[in-house]
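Biologist: Please take a close look at the aromatic pairs in this model. Which rings pair, and how are they placed?

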Amino acid sequence: KRVVPYVDMPLQHIAQDMLRGMARAMTEKDTRELVRRIRAGIPHVAFRTNFIVGFPGETEEHFQTLLRYIEEEPFENVVVFTYEREPETPSYRMEPRVPLTVRKARRAQLLARQQVLSRERLSRRIGQQVRVMIDGPAGYRPGLKFGHAYCAGVSGEPSFKDMAEAKGDDALNGVDDTALAARLETGVPV
């Protein structure tokens, strides 16, 4: 009872060619199986991951594979980064390079799809009570609090819009199903 069932694993991609190009030790099949084993072994686990879009050589087909994967595997928190070239890294000289406009569009599309999926999961939780650890005020709206819930499948995407007012859009890297922003109507001590 003292360990939160939360796994943070940076999968980075799911398309086999991309995993190989990124020098990931696991195959697409291995990755899918590991996620299934974790979910089967840890009841109600909340799963956070991150993906990189626009890595050199990423095709539209690779990206569509990643998009389908987040629909097949309901992650509670997804962070998406656009690939950035950095000297002294193995990928620096890799070709073909994905144009920045395409990288940004793919990131936006992946996050938008995850947002829809998160909202669908959230809508199934309306009316349920969940324990929430309050982190503090959410933005500048009086009475609005920001916190994290211990329960897989609770979506917090709407809270990120509130947080954007305080932090700016650059702070928004992902969609988190455990972060919540809500007005506290009643408080029950834990």
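Modeller: In this predicted model, a search of the whole structure finds four aromatic pairs. One of them joins Phe-47 and Phe-75, with 5.4 Å from centre to centre and 65° between the planes, an edge-to-face arrangement. This pair links distant parts of the chain: Phe-47 belongs to strand S2 (residues 46-53), while Phe-75 sits in the loop between H3 and strand S3 (77-82), 28 residues apart. Both Phe-47 and Phe-75 are buried.

Another pair is made by Phe-55 and Tyr-83; the ring centres are 5.2 Å apart and the planes stand at 75°, so this pair is edge-to-face. Phe-55 is in the loop between S2 and H3, and Tyr-83 is in the loop between S3 and helix H4 (100-123), so the pair ties together parts 28 residues apart in sequence. Phe-55 has a relative accessible area of 7%; because buried means under 20%, Phe-55 is buried. Tyr-83, at 8% relative accessibility, counts as buried.

Phe-47 and Phe-75 also belong to one aromatic cluster, together with Phe-51 and Tyr-69.

As for confidence, the protein chain averages a pLDDT of 79, and 74% of the residues score at least 70. Where pLDDT is low, the predicted coordinates should not be read in detail.

Key:
Residues numbered from 1 in each chain as written. Predicted model: local features only at pLDDT ≥ 70, side-chain atom pairs only at ≥ 80, totals over all residues. Heavy atoms only, no water. pLDDT = per-residue confidence, 0-100. Phe/Tyr/Trp six-rings, centres within 6.5 Å; stacked < 30°, edge-to-face > 60°. Helix = DSSP H or I, 4+ residues; strand = E, 2+ residues; numbered from the N terminus. Buried < 20%, exposed > 50% of the residue type's maximum accessible area, 1.4 Å probe, protein only.
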